[in-house]
Amino acid sequence: MSVRFLLSIVAPLLALTSAAAAGPTSGDAAVAIWPAGAPGSARHADEPERLEAGVYVHNVHRPSLTVLRPDPARANGVGIVILPGGGHRMLVFENEGLVPARALNRYGVTAFVLKYRLAREPGSPYTIEGDAAADARRAIRWVRAHARDYGVDPHRIGVMGFSAGGELVSLIADHPPPPARTSDDAIDRVSARPDFQVLVYPGPLGIPASAAAGAPPAFIAAGSRDACCAAPAVALYTQLREAGVSAELHMFADTDHGFNLAVHNDRISILHWPDRLADWLADEGWLIPRR
């Protein structure tokens, strides 16, 4: 076995391990996306978030975006809003939020990790289709409205979701938007449609799509042994393909749910799946800065 081949295997693993071990960088910043408070959350606005085991976020009542910016020399004007999974009971904020954000930074992408309201947490007053999806739409609107502040092109904003976060991606990208609410907030009048969508082992909610023909280009990835989410991934890909939407699907053999960025999986294909996403982003032209 050649040294070059060994390095091709070990280098990505070391990079991902380093990213997973690192805490938020000095450039990270969290901003509230509803400065006056999210609709329907007033009774809980003063309750603090709760962090479990240092990585799992609970009790979100003030949705926010944590911003991770790339090296300015690599920045290409693309912004991606990341929606971590967690079954709508918690947010896997480190491994499905900050770690993929840092990986995207290496490709020149500015990443925005969303803390959205959790509809299935015990005692939650929220709904997935109403409140969590509203937070996801608001996040895209907020990024688009503040694009210039972060060196992002407002026409190059995508959304990426893992598991439950993937359900939210489908709800906001592959279905008609809800009726516009009456509001004096200018951000509410900004488009919430993502320019592209990335779904990583997406849950079944929101699939099949009700507006597949108008959906943005999609990258979909899942494990073939995922009892929850293999079938939804294939179903959404098939529906988008038949609707004429540009879509790419990767189903990884002998792989179950929650492989995130290979933190708990040593399969070579899983170590390298972010490279397949980068290939797709490059092929679609997103990684090429527009002048």
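Two strands count as paired if DSSP finds at least two bridges between them. Helices (H or I, at least four residues) and strands (E, at least two) are DSSP runs, numbered from the N terminus. The model is predicted: local features need pLDDT of at least 70, side-chain atom pairs count only at pLDDT 80 or more, and totals for chains, interfaces and linings use all residues. Residues are numbered from 1 along each chain as its sequence is written, and side-chain values use heavy atoms, with hydrogens and water left out.

Start with β10, residues 218-223. β10 pairs with β11 in the parallel sense, over six bridges. Ala 222 sits opposite Met 251 in β11.

Now the whole sheet. It is open, has eight strands and mixed pairing, and runs β1-β4-β7-β5-β8-β9-β10-β11. β1 (29-32) and β11 (247-252) are the edge strands, each pairing on one side only.

Next, the helices. How do α3 and α4 pack? Residues 128-145 form α3 and residues 164-173 form α4; they pack at about 75°, axes 9 Å apart. Axes are lines fitted to C-alpha atoms, for helices over the stretch in contact, and angles run from 0 to 180 degrees between N-to-C directions. So α3 and α4 are roughly perpendicular, a label for 65 to 115 degrees.

Which residues of α4 meet α3? Leu 168, Leu 171 and Ile 172 do. On the α3 side, the contacts include Ile 128, Ala 132 and Ile 140. Contact means heavy atoms within 4.5 Å.

Methods: Angles under 35 degrees count as roughly parallel, over 145 as roughly antiparallel, 65 to 115 as roughly perpendicular and the rest as oblique.
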